[in-house]
Amino acid sequence: MQPQTLFDMSDRGKRCTRFPESDVPVSEPSDLLPANQLRDKPPLLPRVSEPEIARHFARLAQDNYNVDAGFYPLGSCTMKYNPKVQELVAAMPGWALLHPDTPSECVQGALRVMWELEQWLAEIGGMDVASLQPPAGASGEFTCLRMFKAYHDSRGETHRNRILVPDTAHGTNPASATRCGYQATALKSADDGRIDLGELESALSENVAAVMLTNPNTLGLFETDILQVADLVHSVGGLLYCDGANMNAIMGYARPGDMGFDAMHFNLHKTFATPHGGGGPGAGPVAVKTHLASFLPVPRVVEQGDKFDWDWKQPQSIGKVHGYYGNFLIAVRAYAYILSLGSDGLRRASEAAVLNANYVMEALAEAYDLPYPGPCMHECVLSAQTIAKETGVRAVDIAKRLIDYGLHPPTMYFPLTVKEALMIEPTETESKATLDCFIEAMTQIASEAHINPDLLHSAPHSTRIGRLDEVKAARELVLRWQKER
Ligand SMILES: *Cc1c(COP(=O)(O)O)cnc(C)c1O
């Protein structure tokens with residue numbers, strides 16, 4: 001077996017580069033630092049040759065499944081193919097090497113990109129103003145809930161301490177509410193997977209600060225009662241928040257602002273073509289209606305005559321939620337993506353995303369349970385409950401077996417309201433041939449479950465590392481190389 005880490009390959013005789021002896025006079029280290037802060041042994045760094053390093057990282061890249069390698073139907077994550085032109089644009093030195101402290105008169109182009117992108121996102125969301133500062137969807141939620149609190153406080157309504165969240169919501173929704181000092185209450189969904197108006201009505205009160213909704217929701221279903229929901233929430237003085245992670249389903253067709261939402265976030269790394277899955281960086285811009293605009297994070301990028309500048313003078317602002325102005329290069333990618341597709345292209349992307357999800361859902365509705373009948377939006381949620389009952393094979397086994405077919409598994413066990421959930425989001429960038437290949441693999445795996453369940457329990461068989469103990473991996477993280485393990 002090949003050595004796993006650069007440390008395992010290390011040998012004192014190896015090196016990459018040889019520097020000439022330094023002819024710069026240096027002071028004694030002890031003149032610069034107190035003695036108790038000096039190392040007494042050299043650091044334990046790997047000593048390897050350049051070809052070894054190159055091959056090590058190439059092998060790591062090959063071991064990693066990625067969207068350039070194949071289909072990646074991870075529900076709720078919108079793992080669409082990211083066109084390379086956005087990467088080329090973001091890597092241009094004029095953007096990539098900009099220092100955030102550069103005076104604004106020297107970075108007019110960058111400010112214009114940010115200003116225009118804010119306008120475009122506000123337009124796509126049906127909102128009035130936007131801020132690019134939050135670095136992720138969860139951070140966008142946090143930002144808007146902080147703004148909601150500032151808004152209610154400014155009206156003397158400091159008693160509002162509750163946020164309502166449907167039981168199908170992403171875990172970040174109740175987490176953001178709790179982080180902002182609110183009490184999060186789960187709303188039980190109706191039998192059709194959508195919000196239950198009766199439940200909502202009985203939970204609403206003068207103490208509710210906001211209701212957080214995802215539309216389409218995490219079951220891939222459009223909230224058809226959304227206008228009534230907005231009226232109900234507003235009638236008790238509450239605000240309505242849109243988790244915009246599923247914008248890929250409705251771009252150019254429907255706008256949260258028109259549905260009555262007061263504020264929302266976008267996930268640029270989902271909908272607007274920034275590669276993700278490796279933990280970032282991403283961007284979660286927020287967009288709000290006028291009544292919330294004065295609470296947005298500072299600084300705001302503003303247009304003054306024919307120039308752009310930073311405006312820090314916003315007395316009601318909640319302050320900053322991220323260093324500098326957010327993850328600028330993600331904004332550049334989104335800008336290039338929106339510009340290259342145009343409004344018509346965004347609309348067609350959503351159309352294809354919805355069509356692809358419905359194609360997959362229909363094709364798999366026999367081999368798997370379909371807890372909520374379609375049509376669906378950009379993703380569908382199947383269940384392996386019958387298979388589990390008949391064969392003992394669970395959703396996790398099916399997901400792991402897909403890896404043997406060279407495909408990335410869908411999201412499992414989410415939303416929490418569906419037992420043995422398999423949440424599939426094919427996205428618009430996949431061909432019919434790829435979808436057919438996935439459908440065939442899923443169908444075959446369903447029959448394997450009946451013929452040879454052990455094959456699935458022990459999957460995957462094709463990877464260098466087999467099934468992991470995921471609980472142990474999460475509880476006992478090993479993030480550094482250790483000499484003895
Ligand atoms: C991804 C996602 C989030 C959180 O977004 P991050 O950018 O990962 O913080 C919130 N809600 C839904 C429905 C999501 O899919």
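## Lining of the largest pocket

The lining of the largest pocket is made up of 19 nonpolar, 19 polar and 11 charged residues (nonpolar: Ala, Val, Leu, Ile, Met, Phe, Trp, Tyr, Cys and Pro; charged: Asp, Glu, Lys and Arg; polar: the others, Gly among them). The structure is a predicted model, in which local features need pLDDT of at least 70 and side-chain atom pairs count only at pLDDT 80 or more, while totals for chains, interfaces and linings use all residues. Residues are numbered from 1 along each chain as its sequence is written, and side-chain values use heavy atoms, without hydrogens and water.

In total, 49 residues line the largest pocket, and D63, N64, Y65, I465 and L468 lie nearest its centre. Two or more lining residues come from each of helix 3 (50–63), helix 12 (268–271), helix 15 (395–404) and helix 18 (470–475) (helices, H or I with at least four residues, and strands, E with at least two, are DSSP runs numbered from the N terminus). Helix 3 gives the most to this lining, namely three residues.

## Volume and position of the pocket

The largest pocket holds about 1800 Å³ of space. A pocket is an open set of points on a 1 Å grid over the protein atoms alone, where a 1.4 Å probe fits, with protein on both sides within 12 Å along at least five of seven lines; lining residues have an atom within 4 Å of a point. Grid points are joined across faces, edges and corners, and the volume is the space filled by probe spheres set on them.

The largest pocket lies between domain 1 (85–341) and domain 2 (342–475), because both give residues to its lining (the bounds come from an automatic or database domain assignment).

## Packing of helices

Helix 7 (residues 137–154) packs against helix 8 (residues 172–179) at an angle of about 40°, and their axes are 9 Å apart (axes are lines fitted to C-alpha atoms over the stretch in contact, with angles from 0 to 180 degrees between N-to-C directions). Helix 7 is therefore oblique to helix 8 (under 35 degrees is roughly parallel, over 145 roughly antiparallel, 65 to 115 roughly perpendicular, the rest oblique). The crossing of helix 7 and helix 8 is right-handed (the near helix is turned clockwise from the far one by less than a right angle; anticlockwise is left-handed).

Helix 4 (residues 84–91) and helix 13 (residues 328–364) cross at roughly 135°, and their axes come within 9 Å. These two helices, helix 4 and helix 13, are therefore oblique to each other, and their crossing is right-handed. For helix 15 and helix 16 (residues 432–451), the packing angle is about 125° and the axes are 10 Å apart. Helix 15 is thus oblique to helix 16, with a right-handed crossing.

## Backbone features in loops

Most residues other than glycine have a negative phi, and most peptide bonds are trans. The bond that joins V298 and P299 is cis, with omega of about -5°; P299 is placed in the loop between strand 7 (286–288) and strand 8 (300–304). A cis peptide bond also runs from G374 to P375, with omega near 0°, and P375 belongs to the loop between helix 13 and strand 10 (380–383).

Although S76 is not a glycine, it has a positive phi of about 75°. S76 lies in the loop between helix 3 and helix 4.
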